[in-house]
Amino acid sequence: VSNNPVTIVTPKNAKYLSVSAYNNFVDTLMMVKGDTLPPEFVPYKNESAMTIAKEAMTIATASVTKGKIYNVGQGQEYTNFTELIKALNADDSEKIIYVHSGIYDFFEEYGGAEYAQSITDTEWRKWSAVIPPNTSVIGLGRVIFNFLPNGSDCTVNSVSVLSPINTSGNCTIKNITINCKNCRYGIHDETSGITDFYYAKKIFENIRVNRQANDSGLSTAYGHAFSSGFDVGIDLLFDRCSFIAPALAWSIHDRPATTGNNGGNITFKNSVFNGTTYADIQFLNNNLSPSETIVNIINCKISRLRKEKNNKNSEQKNGFNISAFGCKTFNVISDFESNDNYPFVAYNEID
């Protein structure tokens, strides 16, 4: 082969050059950069196409996300998801956390009964692991987050602050099942009036939250599968999700003191909501002069939706402009029957 060299000219932006050969001839093949052959034979670097492809994919993914990649699971760099989230607390750069197949005990990840019983107040950010902005959490395979402590291991303070998942800024959460009880919410999404979280964009895809009732003596005002508070310009998408709870499955509220453009966009697609005794979905109004928040409910399973005032005797106005598309007819209960700027509308109802 060295007596008959072949010259290959590559593009300037080429990262890889792949050459294949039969096994019997691998030891006779040599690649040289430049136009001068070495005095001795240099063995061909024998790598499988699959190895090269995986390396290329890793580089390409990192380039697209412009950030770091973390792996959580048995045999991975990190085994404790909650500890990783706490370690990334101040990192608001773009990043992906891949959670590998498995069942994760979040109560034990927090520190179990010892940690729960050490909580001395109800400042939830102080005690909780909050997913930092610009983070994608993607489950690979069957990923289950359990938060199912015994009531005797908890306190009223612990169930008032701890949730399996907490988010505030931009985030993407995909392919995860959450089973929980004796906690605040299954997913706690809260902006807390912090301007850094204005215009946050959040995607929840293929998420299932199965919320159980808290044990006797630990009942609080909380207990939803998903609950959220927002300030300005939120953009929420729920696609192929399921939220199930004994009383209220999914709830959101605006902020009472925020002025100006304090609305946003919320989209539900192909999802299931089941709050057994109170409501499947709740839209709670705190603001006396809310901006419009556009809500589209597309091909979802809902039985009962509530549009409510936080203060029943106040002059609060409804800021949620809700439309349903291709859903089975469901009951809408409203505190704004006589004065609603955005009456509920349903299109292509299924009887």
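**Exercise 1. The enclosed space**

Task: State how many cavities of 30 Å³ or more a search of the whole structure finds, and then work out which residues and elements form the lining of the largest cavity.

Solution. Step 1: a search of the whole structure, which is a predicted model, finds 1 cavity of 30 Å³ or more. As background to such a search, rolling a probe the size of a water molecule over the atoms shows where empty space is left.

Step 1: the volume of the largest cavity comes to about 50 Å³, and its lining is made up of Phe81, Thr82, Ile85, Phe106, Tyr110, Ala129, Ile131, Pro164, Ile165 and Asn166.

Step 2: assigning the lining to secondary structure, one finds that helix H2 (81–87), helix H3 (106–110) and strand E4 (165–167) each supply at least two residues, and that H2 gives the most, with 3 residues.

Step 3: sorted by class, the lining of the largest cavity holds 8 nonpolar and 2 polar residues, and no charged residues.

**Exercise 2. A lining residue in its surroundings**

Solution. Step 1: Thr82 is found in helix H2 and is one of the residues that line the largest cavity.

**Exercise 3. Strand pairing around E3**

Task: Determine which strands pair with E3, and in which sense, and say how many of the residues of E3 are buried.

Solution. Step 1: strand E3 (residues 135–147) is mostly covered, since 10 of its 13 residues are buried.

Step 1: strand E2 (residues 95–105) pairs with E3 in the parallel sense over 10 bridges, and within this pairing Ile96 stands opposite Ser136 in E3.

Step 2: E3 also pairs with strand E5 (residues 171–180) in the parallel sense, over 8 bridges, with Ile144 standing opposite Thr177 in E5.

**Exercise 4. A strand with two faces**

Task: Identify which residues of strand E13 lie on its covered face and which on its uncovered one, and name the strand that pairs with E13.

Solution. Step 1: in strand E13 (residues 272–275), Phe273 and Gly275 form the covered face, whereas Val272 and Asn274 form the uncovered one.

Step 1: strand E10 (residues 242–245) pairs with E13 in the parallel sense over 4 bridges, and Ala245 stands opposite Gly275, a residue of the covered face.

**Exercise 5. Asparagines with positive phi**

Task: Give the phi values of Asn206 and Asn299, and say where each residue is found.

Solution. Step 1: phi of Asn206 is near 55°, a positive value in a residue other than glycine, and Asn206 is found in strand E7 (residues 201–211).

Step 1: phi of Asn299 is near 50°, likewise a positive value in a residue other than glycine, and Asn299 lies in the loop between strand E15 (293–298) and strand E16 (304–309).

**Exercise 6. The chain as a whole**

Task: Describe the protein chain by its elements, its buried share and its contacts.

Solution. Step 1: the protein chain has 6 helices and 19 strands, and of its 351 residues, 46% count as buried.

Step 1: among contacts between residues at least 6 apart in sequence, 78% join residues at least 24 apart.

Step 2: the protein chain exposes about 18,300 Å², of which carbon and sulfur atoms supply 49%.

Technical notes. Residues numbered from 1 in each chain as written. Predicted model: local features only at pLDDT ≥ 70, side-chain atom pairs only at ≥ 80, totals over all residues. Heavy atoms only, no water. 1 Å grid on protein atoms, 1.4 Å probe; cavity = no way out; pocket = protein on both sides within 12 Å on 5 of 7 lines; lining within 4 Å. Points joined across faces, edges and corners; volume = space filled by probe spheres on them. Nonpolar A, V, L, I, M, F, W, Y, C, P; charged D, E, K, R; others polar. Buried < 20%, exposed > 50% of the residue type's maximum accessible area, 1.4 Å probe, protein only. Contact = heavy atoms within 4.5 Å. Areas by Shrake-Rupley, 256 points an atom, 1.4 Å probe, with all protein chains shown as cover. Pairing = 2+ DSSP bridges.
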